[in-house]
Each structure stands twice: as structure tokens, then as C-alpha cells.
Amino acid sequence: MSFREKILWATLISGTAPYLWYFGSAGLALAAGNGDTSLSIGGLVNALFVGLIVMIVAVVVVAVANRGRGSMIPDEREHRIESRGISISYHMLCTGVVLTIGAAWMGWSIVIIVHMITFTFILAELTRLIVEIYGLRRGY
Amino acid sequence: MAFAVATDPMAQTPFTNDIRTLRFLAGEMTQGDLGDKVGVTRQTIAAIEQGKYSPSLEVAFRIAHVFGKPLEAVFQWQQD
């Protein structure tokens with residue numbers, strides 16, 4: 001496994017866990033019909049903060065454990081795979097933004113709007129990571 | 001002798017290559033060593049060798065240059 005792929009795995013696993021927990025709870029609260037009371041901007045900021053810290057620690061651990069064994073500068077194959085990941089995640093991002101604008105236009109609460117746009121960014125980033133890891137595993 | 005093995009037929013490049021043989025003849029050079037000389041990762045050399053990835057013209061020339069061979073001695077167009 002290349003150094004780049006290890007970093008991507010570390011980012012994916014460490015980044016997914018806190019967000020899955022938070023958005024899973026938020027989704028359940030919405031499904032139960034008490035979304036507006038369960039969701040809060042503060043809770044979202046906490047989840048983002050925890051996610052960021054966990055991600056930084058995981059990436060630093062992987063980088064230190066593999067120091068001198070690789071570079072994060074992509075070669076041409078990795079660059080092509082990275083571009084594919086960015087392209088697909090960009091389409092997801094655009095779709096999420098349009099849906100969020102639609103939700104705002106329909107008069108949904110600001111808390112839900114903020115959660116929707118944040119979820120869109122996180123989902124787009126996770127998509128990019130998954131597409132890149134898949135490409136690196138496949139070889140092209 | 002050409003090595004162009006790919007598990008996914010759709011991913012097969014339209015050419016074969018002799019990189020594996022040339023590496024062996026060059027003192028059993030590893031994929032990592034070749035990658036370092038060419039400026040790509042070991043995984044990229046492996047993907048090229050297996051016919052999964054088509055390298056750029058520059059990387060193809062660099063690989064040929066490492067072995068001191070012309071491009072067509074390393075890569076051969078696969079006729080139908």
C-alpha cells in the first residue's frame with residue numbers, strides 16, 4: 001500500500017467516524033419528528049471540531065510511522081485518479097448545494113439548512129476519498 | 001517476451017510491454033528502483049507492467065531511457 005493510500009485511509013476512517021455518529025443521530029432525530037429540538041449549530045460545530053482533531057492526529061500518526069517511505073506529491077497516475085475523485089465529488093457538491101438552496105427557498109429552518117450544507121461538504125469529501133482509494137486499489 | 005496481464009479486460013491497454021523482462025535483465029531491478037529512476041511510485045510501475053495503466057509519453061520515454069533501449073523495444077502496439 002502506497003504512502004498516499006495510507007493517508008487516504010487514515011483520513012477516511014478518522015473523518016467518517018465522528019460525522020457518521022453526529023449525522024446518524026441527527027437523522028434519527030429528524031425521522032422521529034423532533035429534529036428542530038435535537039439539532040443545533042453548537043452540536044454540529046462540536047462534531048466538526050472533534051472530526052478535525054481526530055483526522056489530524058490519525059494523519060500525523062500515519063505520516064510519522066511512514067516517514068521517508070513516500071511522498072504526498074502525486075505522480076501522473078495518482079494525479080489522474082485524484083482528478084477523477086475531485087470531479088465526482090464536485091458533482092455531489094453541486095447537487096447538495098442545489099438541494100440546500102431548494103430547502104432554503106421552501107422555508108426550512110436555518111439549523112436544518114446549515115446541517116444540509118455541512119453534510120453536503122462532508123459527503124463530497126468522503127466521496128472523493130473513496131473514489132481515490134478505489135482507483136489506487138484498482139491500479140488506474 | 002511480453003507481460004500484459006490485467007484482471008479487468010476493459011482496463012487492458014492496447015499495447016504490451018517488456019518492462020518485467022528488462023528489469024530482470026538489468027540486474028533484477030525492483031519496481032521501486034525503476035520507479036525512483038523514472039520519478040513515479042512503485043505502484044505506478046506495477047500498473048504499467050500489468051497493462052492496467054497507460055503511461056504518458058514522457059514516462060514511457062523515461063522507462064526506455066533507464067534500460068538504454070528505444071521506446072519500441074519496451075512497448076509494443078497490440079495488433080487486433
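Helices here are DSSP runs of H or I with at least four residues, strands are runs of E with at least two, and both are numbered from the N terminus. The model is predicted, local features need pLDDT of at least 70, side-chain atom pairs count only at pLDDT 80 or more, and totals for chains, interfaces and linings use all residues. Residues are numbered from 1 along each chain as its sequence is written, chains are lettered from A in the order in which they are written, and side-chain values use heavy atoms, without hydrogens and water.

Next, select residues 44–65 of chain A, a span that is 100% helix and 0% strand and has its end C-alpha atoms 31 Å apart. An unreviewed UniProt entry lists residues 7–32, 44–65, 86–106 and 112–131 of chain A as "transmembrane region"; such annotations may be inferred rather than shown by experiment.

Now display helix 4 (residues 76–105) and helix 5 (residues 110–138) of chain A, whose axes come within 8 Å and cross at roughly 160 degrees. Axes are lines fitted to C-alpha atoms over the stretch in contact, and angles run from 0 to 180 degrees between N-to-C directions. Helix 4 and helix 5 of chain A are therefore roughly antiparallel (angles over 145 degrees).

Finally, show chain B: 10 residues of chain A are in contact with 14 residues of chain B (heavy atoms within 4.5 Å).

Methods
Angles under 35 degrees count as roughly parallel, over 145 as roughly antiparallel, 65 to 115 as roughly perpendicular and the rest as oblique.
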